[in-house]
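Please read the following walk through a protein model with the sequence and the coordinates side by side.

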Amino acid sequence: MVKKIETSLDGLCIIEDFITKDEEKDLIKKIDSNEWCGLGIPPNPEMKRRTQHYGYEFSYRYRKIMNHLGSFPDFINFLIQRFINQNIINNINNNINDNIKDIPNMCIINEYMAGQGIMPHTDSPSLFGPVILSLSLLSPCLMKFEHKDFADKSEVVLLRPRSLVIMTKSSRYDYKHSISKDLIEYFFNNSNNNNDNYNGGNDNQLNCREEIIRSRRISLTFRTIIENNSYSEQEQEQQEY
Ligand SMILES: O=C(O)CCC(=O)C(=O)O
Ligand SMILES: [Fe+2]
């Protein structure tokens, strides 16, 4: 059953079991049958982790949207259809007074092997729209959100396999998110973080420590490219990847 987890950060929520285990297996098979880039393979040969780009190609080096890559393959369209069916896009758009044109037109698939993570960053506000969606497959991991001006204002969320994290509003614009390189992480499931749903109603899990053994993780991040996009000087300084 789909479980929606609200967090204490404005605009950050997680939907668990967004896809089934069979759908996850099927997605992995399809993704692995396609070409990965990174680790010396263009485009983005300098990347230390493997990625696949759909919709548009993104250059990490030039921080720029490059070529249009044509229409999405079926496995991406299937997920976008689910965003629509489950009112994820509509709901968000209603909240932020936007409209349906914000259906994602770009998807980047990231592969993190054990020992790989992503540096704290804010997805470029001058390239990408107000909603960032990321579906996690395989290994769980923690994602840390740190306020860009107040480092002590932070929150850690657990991204379980098959969960969808939705970043909008303050969590998308005012915070940096990151994933550590740690091989083992600990998630403290306390009840102080206003996450009434965080334990899915299972009181046994309250105030307990969950050990996360990191292994291969694949994420699919969906974004909408904004018109007239270009990186601002300030953003150039951000060490994103
Ligand atoms: O792996 C993820 O879930 C997030 C990736 C990410 O933050 C990014 O590519 O900007
Ligand atoms: Fe990001």
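Helices (H or I, at least four residues) and strands (E, at least two) are here DSSP runs, numbered from the N terminus. Residues are numbered from 1 along each chain as its sequence is written, while chains are lettered from A and ligands numbered from 1 in the order in which they are written. This is a predicted model, in which local features need pLDDT of at least 70 and side-chain atom pairs count only at pLDDT 80 or more, whereas totals for chains, interfaces and linings use all residues.

The secondary structure of the protein chain amounts to five helices and 15 strands. With pLDDT being the predictor's confidence in each residue, from 0 to 100, the chain has a mean pLDDT of 84, and 81% of its residues reach 70 or more. Two stretches call for caution. Residues 93–100 stay under 50 in pLDDT, and the model gives them seven contacts beyond four places in sequence, where two residues are in contact if their C-beta atoms, placed from the backbone, lie within 7 Å. Over residues 191–197 the pLDDT is likewise below 50, and this stretch has 13 contacts beyond near neighbours in sequence. For the complex, the predictor reports an ipTM of 0.99 and a pTM of 0.86.

Among the chain's contacts between residues at least 6 apart in sequence, 71% join residues at least 24 apart. Strand E1 (residues 3–6) pairs with E2 in the antiparallel sense over four bridges, and Lys4 has Ile15 as its bridge partner in E2. The two strands form a hairpin with five residues between them, and Gly11 in the turn has a positive phi of about 90°. Strand E2 (residues 12–16) is in turn joined by four bridges to E11, to which it runs antiparallel, with Ile14 standing opposite Val165 in E11. Strand E8 (residues 132–138) is also joined to E11 by four bridges, again antiparallel, and in this pairing Ile132 has Met167 as its partner.

How are the side chains of strand E11 (residues 164–167) arranged, and are they buried or exposed? Leu164 and Ile166 point one way and Val165 and Met167 the other way, and all are buried, a residue counting as buried if 20 or more other C-beta atoms, placed from the backbone, lie within 10 Å of its own, as exposed if 12 or fewer do, and as partly exposed in between. Of the 241 residues of the protein chain, 29% count as buried. In soluble globular proteins, nonpolar side chains tend to be buried together. A nonpolar core is taken here as a set of buried Ala, Val, Leu, Ile, Met, Phe, Trp, Tyr and Cys residues joined through C-beta atoms within 7 Å. The largest such core has 42 residues, of which Cys107, Leu133, Met143, Leu164, Val165 and Ile166 touch the most other members. Cys107, leaving aside neighbours within four places in sequence, is in contact with Tyr54, Gly55, Ile76, Leu220, Thr221 and Phe222.

Which residues surround ligand 1? The shell consists of Ile108, Asn110, Ile118, Asp123, Ser134, His177, Ser219 and Thr221, each counted as near if its C-beta atom, placed from the backbone, lies within 6 Å of the molecule. Strand E6 (106–112) and strand E15 (217–223) are the elements that give two or more residues to this shell. By class, the shell divides into two nonpolar, five polar and one charged residue; Ala, Val, Leu, Ile, Met, Phe, Trp, Tyr, Cys and Pro count as nonpolar, Asp, Glu, Lys and Arg as charged, and the others, Gly among them, as polar.

One member of the shell, His177, lies in strand E12 (residues 175–179). His177 is buried because 23 other C-beta atoms lie within 10 Å, and beyond four places in sequence it is in contact with Pro120, Met143, Lys144 and Phe145.

Asn87, in the loop between helix H2 (74–85) and helix H3 (88–95), has a positive phi near 60° and is exposed, with 11 other C-beta atoms within 10 Å. Leu138, found in strand E8, has a positive phi of about 65° and counts as partly exposed, with 16 C-beta neighbours inside 10 Å.

Key
Two strands pair if DSSP finds at least two bridges between them.
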